[in-house]
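Let's walk through this structure together, moving from one topic to the next. Please keep the sequence and the 3D view at hand as you read.

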Amino acid sequence: MTTTLSDGRTVGQPPNERFPVRLPDRPTPVLDVRGYSFWYGLTQALFDVRVAIPRRAVTALIGPSGCGKSTFLRSVNRLNELIPHTRHSGDILLEGVSVFSKGTDPVALRREVGMVFQQPNPFPKTIFDNVAYGPRLNGLAPKRDIPERVEHALRQAALWDEVKDRLQTPGTGLSGGQQQRLCIARALANEPEVLLMDEPCSALDPGATQRIEELLVELKRSYSIVIVTHNMQQASRASDFTGFFYLGRLMEFGPTKQLFTRPADERTEAYITGRFG
Amino acid sequence: MNARRLRRRLVNGTMTALVGALSFVAVLALVLILGHLVAKGASSLDWNFFTKNPVPTGETGGGVAHAIVGSGIIVGLAALIGLPIGIGTGLYLAEYGSGRLGWVVRFVADVLNGTPSIVVGIFVWTWLVRPMGHFSAFAGSVALAILMVPMIARTTEELVRLVPHSLREAALALGYPRWRTSLRIVARTALAGILTGCLVAVARIAGETAPLLFTALGNVNFNTHIGEPMEALSLQIFQYATGPFDEWHRLAWASALVLMGLVLVLAILARWVLRSRHGAAR
C-alpha cells in the first residue's frame, strides 16, 4: 500500500515501529485532517473536521468548553480509542500516513506524537526516571546515552538548570510549573514529530504560564505543536495559527493574526471578543 | 434561638460521647485479649519454648518449635501461591474487568471471600488430600492460599483503581503498551497499598485453624517436609487448649500469645510500609 503525499510523491507503508518518512522542511502539513468525525456512543463530538496543521509552528485550538478541541487532540494519538463505545470516520494523516491505517500500531504512533496534559502528571519516580522512561522503553538510545538524552530534553524544556542538582529526587516534589515542564521534557525525550498540548497552562500561575509560552517559541524550531487553550491572550501571543472550534465543528482556521483581527466568521468574532464562551 | 443552639450542642455532645464509647468497646476487646494472653502466656515464654519440641506427656520443659517452624512454612508457601494469583486477579479486575467476565470474577471472589474457611478445608481435603492419600503441609498451604486470593484480589483492585487516570494516560501517550502501563506505572504506583493488603491477608490466614484440620493435620514431631503432615501454631493451640493437661494449657496460652504477636507485627509492618512509601512519594 502506498500513500500519495500532497506534493505528488508517493511513499510506501512504513514499518510498524517508526515513521521513517521525514521530509525536508517544506510547506507540507505535518498533520492532514480529512473529513474527520468522532462519536462517543451515539453522541457526535466532531463533525467533518478538515484542516492542515503546519509544520514547525504553534497551532492553537480555541473554543468554548465541550466543543471538541480535546477530543480532536486525543484523536491524533488515538488515545480516544481506549474509551469504550467510540468510533470515527474520515482520516488523519501524520506525515502523509494515516494514523488509522492497518499498518499503524497505536503504540508506535504515540511515540511519534508527544502529549502534555492539563494537569501535570509526572510519574511517582525520580526526575531522571520520568524523562528517561520514554527513550528507555522505546529503545531510542543505547543505555549509556540515556543521561545525555535526559539532559537534552530537560534543557529543551528549560528545566535543566533548576533540577540538575537533584535529578534523583521525586518528580512529584517539584512545583506545579516545574512539573509541567518535566512532563514536556518527558514527551520531548521521545523526539516526537508533533507535540500535542491539552491546556497545559490551566493549572499554572501566570509566571509559570509565561515560561511555558516562551518555551513554545523555542520548541517550534524543532517540533510542530498543537495547543488547546481557553486563554485567548495565550492563543494570540504564542501561536502562529489558530483554529476555532464550536459545537464539534472547526468554524475557522487561519494565521493567528488574521483570525484575531479579521475573523471571517461572526461566531469566531463573538467568541474572541468575549461575547460568549 | 438559644434553645435551638442548646439542643444542637446537646445532640452533638451526646453523639460524640456515644461513638466514643462504642469505639472504646471495640478497642477494649483487643486490649482485654492481649492483656489476658500476656497474663496467662508470657510466663511460659522462654528459650525452650521457641527451640524445643514437645516432650512426652507428664514431663515439663518442652517447646513448640515444630509448630512455629510449621506455621512459617505453611503460611509462607500459601503466600507464595496466593499472592501472585491474587494480585494478578486484582490487576485484571481493575484494568480490564469492566466486561461480563470481570463481573463474574468479581462475584466469585466476593462469594469466596465470604465462604467459611472450614468449607475450604473440606474442599481441599476432597480434591487434594484424598487423591494424594495422606495429609500434607502442602494441602494446608493450598487451603490458606484459596482463602487469601479473593482478599488480595479485591484489595488490589480497589487500590489500583485509586491510581489517577492521568498517570495511565501519560504512560500510554509516551507509547507504552497497555499491559506495560498496567504493570510498570499503575501497579508500581499502588505498590505500597497492595503490599499492605498482602500483609493483612497473610496475618489473617496465619491464625486460621479450621482449614488446616483437614489438610496439614498437625504433627507432634519436627517436620519440614511439605509432603507430610505438619504442625502449625493454630493447630497446636486447638489441640493443647482442648487437652486435659495443665502443661498443655500453659503451652496453649503461650502459643496464642506468639501467634497474636506475629499478627500484630505484620499489622504494624503493613502500616509502616504504607506510611514510609507514601511519605517518599509526596
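**Salt bridges, strands and an interface**

Helices here are DSSP runs of H or I with at least four residues, strands are runs of E with at least two, and both are numbered from the N terminus. The side chains of A:Glu151 and A:Arg155 meet in a salt bridge, 2.8 Å from N to O. The term salt bridge stands for a side-chain nitrogen of Lys or Arg within 4 Å of a carboxyl oxygen of Asp or Glu.

Before going further, a word on the ground rules: this is a predicted model, in which local features need pLDDT of at least 70 and side-chain atom pairs count only at pLDDT 80 or more, while totals for chains, interfaces and linings use all residues. Residues are numbered from 1 along each chain as its sequence is written, chains are lettered from A and ligands numbered from 1 in the order in which they are written, and side-chain values use heavy atoms, with hydrogens and water left out.

Now turn to another pair in chain A, where the side chains of A:Arg211 and A:Glu162 meet in a salt bridge at 3.0 Å, N to O. A:Arg211 lies in helix H7 (residues 206-219) of chain A and A:Glu162 in helix H5 (residues 160-163) of chain A, so this pair ties together parts that are 49 residues apart in sequence. A:Arg211 is partly exposed at 33% relative accessibility, and A:Glu162 is partly exposed with a relative accessible area of 30%. In chain B, salt bridges that share partners join B:Arg106, B:Asp110, B:Arg154, B:Glu157 and B:Arg161 into one network. Over all chains, the count comes to 22 salt bridges. Another of them links the side chains of A:Arg136 and A:Asp129 at 3.2 Å, N to O, and A:Arg136 is partly exposed with a relative accessible area of 42%.

Next, the strands of chain A. Five of the five residues of strand E9 (residues 194-198) of chain A are buried, so this strand is largely enclosed by the rest of the structure. Both of its faces are covered: A:Val194, A:Leu196 and A:Asp198 are buried on one side, and A:Leu195 and A:Met197 on the other. What does E9(A) pair with? Strand E8 (residues 113-116) of chain A runs parallel to E9(A) and is joined to it by four bridges; pairing requires that DSSP finds at least two bridges between two strands. Here A:Gly114 has A:Leu195 as its bridge partner in E9(A). Strand E10 (residues 224-228) of chain A also runs parallel to E9(A), with five bridges between them, and A:Val194 stands opposite A:Ser224 in E10(A).

Elsewhere in chain A, strand E5 (residues 58-62) and strand E11 (residues 241-246) pair in the parallel sense over four bridges, with A:Ile62 opposite A:Phe244 in E11(A). E11(A) and strand E12 (residues 249-255) of chain A pair in the antiparallel sense over six bridges, and A:Gly243 stands opposite A:Phe253 in E12(A). The hairpin of E11(A) and E12(A) has two residues between the strands, and A:Leu247 takes a positive phi near 50° there.

Finally, look at where the chains meet. In contact, meaning heavy atoms within 4.5 Å, are 19 residues of chain B and 24 residues of chain A. B:Glu169, B:Ala173 and B:Leu174 supply 32% of the area that chain B buries against chain A, more than any other three residues; buried area is the accessible area (1.4 Å probe) that two parts lose on being put together, summed over both. The count between chain B and chain A is one salt bridge, and the side chains of B:Glu169 and A:Arg74 meet in a salt bridge at 2.6 Å, N to O.

How values were computed. Buried < 20%, exposed > 50% of the residue type's maximum accessible area, 1.4 Å probe, protein only.
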